[in-house]
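Here are my notes on the model you sent over.

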Amino acid sequence: MIFIKVVILAAGVGSRLGHGLPKALVKLCDNKTILDHQLENLKSAGLENIRVVVGYKAGLIRKRHPNLEYVINSRYNVTNTSKSLLVGIGGLDEDVIWLNGDVVFDHG
């Protein structure tokens, strides 16, 4: 059996959007967040081994999805996506699928 870990990078500020929220928590037209959509689509594909890298306003993401695995990029404000990915894959031995926390995709 192959084990796959999904790593979602959701540590950044997302200041260009002007919402004052992590981009993963921006609501779309159906009142679900980008992260809500990602999780639904991943689960419908049978991918439930999920780790989320958080930083900016991490508590908001944890509150909305308390049952996920989290790691913290404590330097999110001075690093970039690649550093969050390094934090996210730290200690993993599984194959990894990584997503940016601001990507909307369809499960189809």
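This is a predicted model: local features need pLDDT of at least 70, side-chain atom pairs count only at pLDDT 80 or more; totals for chains, interfaces and linings use all residues.

1. Where does Arg16 lie? You'll find Arg16 in the loop between E1 and H1. Arg16 counts as exposed because its relative accessibility is 82%, the cut-off for exposed being over 50%. For a sense of scale, take Lys63, which is 47 residues away from Arg16 along the chain: the two C-alpha atoms are separated by 23 Å.

2. Now the sheet. Four strands form an open sheet in the order E3-E2-E1-E4, with parallel pairing. E3 and E4 are the edge strands, each pairing on one side only. On average, neighbouring strands are turned by 25° against each other, direction ignored.

3. Going through the pairs: E1 and E4 (residues 95-100) are parallel and share six bridges. Two places to check in E4 are Val96, the bridge partner of Lys5, and Trp98, the bridge partner of Val7. On the E2 side, E1 pairs in the parallel sense over five bridges. There Val7 stands opposite Arg51, and Leu9 has Val53 as its bridge partner. E2 and E3 (residues 69-72) also run parallel, joined by four bridges, with Val54 partnered by Ile72 in E3. The stretch E2, H2, E3 makes a right-handed β-α-β unit.

4. How many of the residues of E2 are buried? Five of the five are, so E2 is largely enclosed by the rest of the structure. In a regular strand, side chains alternate between the two faces of the sheet. Here Ile50, Val52 and Val54 point one way, while Arg51 and Val53 point the other way, and all are buried. That list includes Arg51, so do have a look at it. E1 is mostly covered as well, with six of its seven residues buried.

5. Next, the nonpolar cores. The largest has 17 residues, and the members touching the most others are Val6, Ile8, Leu42, Ile50, Val52 and Ile61. Two or more residues each come from strand E1 (4-10), helix H1 (34-44), strand E2 (50-54) and helix H2 (58-64). Apart from this core lies another, of six residues, among them Val7, Ala11, Val53 and Val71.

6. As for the helices, H1 lies across E1, E2 and E4, and runs at about 170° to E1. H3 lies across E1, E2, E3 and E4, at about 135° to E2.

7. Which residues of H3 (residues 81-89) are buried? They are Ser84, Leu85 and Gly88. Seen down the helix axis, these buried residues fall within an arc of 100°, so they line one face of H3. An α-helix has 3.6 residues a turn, so residues three or four places apart point the same way. The buried residues of H3 pack against E1, E2, E3 and E4. After H3 comes Gly91, with a positive phi near 80°.

Terms used:
Residues are numbered from 1 along each chain as its sequence is written. Side-chain values use heavy atoms; hydrogens and water are left out. A nonpolar core is a set of buried Ala, Val, Leu, Ile, Met, Phe, Trp, Tyr and Cys residues joined through side-chain atoms within 4.5 Å. Buried means under 20% relative accessible area, exposed over 50%, partly exposed in between (1.4 Å probe, protein chains only). Two strands pair if DSSP finds at least two bridges between them. A crossover is right-handed if, with the strands pointing away from the viewer, the path from the first strand over the helix to the second runs clockwise. The arc is that of the directions from the helix axis to the C-beta atoms. Contact means heavy atoms within 4.5 Å. Axes are lines fitted to C-alpha atoms, for helices over the stretch in contact, and angles run from 0 to 180 degrees between N-to-C directions.
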